[in-house]
Amino acid sequence: MSIQHLKQSKPETDRAEDDAKVRGTVEAALADIEARGDAAVREMSQKFDNYAPESFRLTRGQIEGLMSKVSARDMEDIKFAQAQVMGFARAQRDSMTDIEVEPMPGVILGHRNIPVQSVGCYVPAGKFPMVASAHMSVATATVAGVPRIAAATAPFKGEPNPAVVAAMHLGGAHEIYALGGIQAVGSMALGTETIEPVHMLVGPGNAFVAEAKRQLYGRVGIDLFAGPTETMVIADETVDAELCATDLLGQAEHGYNSPACLITNSRQLAEATLEEIDRLLAILPTAETARASWEDYGDVVLCDSHEEMLQVANDMAYEHVQVMTDRDDWYLEQMHSYGALFLGPRTNVANGDKVIGTNHTLPTKKAGRYTGGLWVGKFLKTHSYQKITTDEAAAQIGEYGSRLCMLEGFVGHAEQCNIRVRRYGGRNVAYGTAAE
């Protein structure tokens, strides 16, 4: 086995120092919001976004005014993308059925899939207005049947971004707030004098938003723990360096700390991709951001075989995994830790991000080992129920329950079973003893 790093990202220890600074900032900000409510939110919005209107919640008139600024072509594209996302979400929802079974006569067991009652959807709009994120969170929550959907997005260049607001409104948001960053997710989760708290937070964001969601988890639910965008390209000699380099840099432009990794069994492709990345960085308009990500968080891993490539990919568990090989379906069958797969050279992460229909809010930082991404099921809670309908079943289950409770030393538990044995089975079980 020979796995070589032709280029390696900066050590994890450096990233840990950055994380610690973010953690302290977020902790203080959330405490301030909890203590001072709207006043703290207003100060943060003024400080970070130079935006402090009388009310952060947009009125119907404001929403319509902003939507009127969206061109007909852009509106058509937004509606097309939402149709794809909602169509796939409906298919996923249809796969989730309520069940009821009778494992023995008189015993009914079942579960129901119930929507979360309120959700706060965060849609980034600082550096880039993330129109697509509104489809992924707001529209998907609508398909799930969430009764109250609050959506927040940072003001962009002095006002809420019209396209983002249009996507939120068309997606089904009941409340839209022009708020960004910690103050947005903090106010939706904790509540203020003017913002009712929600039960769940979803949506991507910068390091501060991600950390705020982490610290708020438990008080509210969250979709997943997400960090900077991660992109992996798994490629062999069947594709060329330009395709690999384009797919790597296309996601590296998200931020200065967006990891991008090439895994290949072709030295020629690896070296050519490194050269092609340098060429593209000289002409890419967003090269300043993409170059910072590539220099500090870029990896090129050279393996001897597809088996080694698979091992490295599963271990790294990246968010986006672009597979371009002579055995793409083999990777589909063998990959077990990732956010989403993009199979074949005709497919790309940007399509997944914006329009194809799958959700782009995905696990990062190896969270793909234990969770998938945001989907309609994240907005649904599966609740079980049980019912005993006959005296015979009540007595029979009660006998087993009585003995098993006493086995563990729970006498009060056992009496819950015993009283049913007495009443419905006509058996005289001595108090505090196991049914025979």
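Reply: The description below begins with the sheet and then turns to the cysteines.

This is a predicted model, in which local features need pLDDT of at least 70, side-chain atom pairs count only at pLDDT 80 or more, and totals for chains, interfaces and linings use all residues. Residues are numbered from 1 along each chain as its sequence is written, and side-chain values use heavy atoms, with hydrogens and water left out.

The open sheet is formed by six strands in the order S1-S13-S12-S11-S14-S15, with mixed pairing. At its edges lie strand S1 (4-7) and strand S15 (340-343), each of which pairs on one side only. Neighbouring strands of the sheet are turned by 20 degrees against each other on average, direction ignored; axes are lines fitted to C-alpha atoms, and angles run from 0 to 180 degrees between N-to-C directions. Strands here are DSSP runs (E, at least two residues), numbered from the N terminus, and two of them pair if DSSP finds at least two bridges between them.

Within the sheet, strand S11 (residues 231-235) runs parallel to strand S14 (residues 320-324), and five bridges join them. One of the residues involved is Ile234, whose bridge partner in S14 is Val323.

As for the cysteines, the structure holds zero disulfides, a disulfide being a pair of cysteine sulfur atoms within 2.5 Å. The sulfur of Cys244 is too far for a bond, because the closest cysteine sulfur, in Cys261, is 11 Å away. Cys244 is buried, with a relative accessible area of 0%, and Cys121 is buried with a relative accessible area of 0%; buried means under 20% (1.4 Å probe, protein chains only).

Technical notes: Buried means under 20% relative accessible area, exposed over 50%, partly exposed in between (1.4 Å probe, protein chains only). Helices (H or I, at least four residues) and strands (E, at least two) are DSSP runs, numbered from the N terminus.
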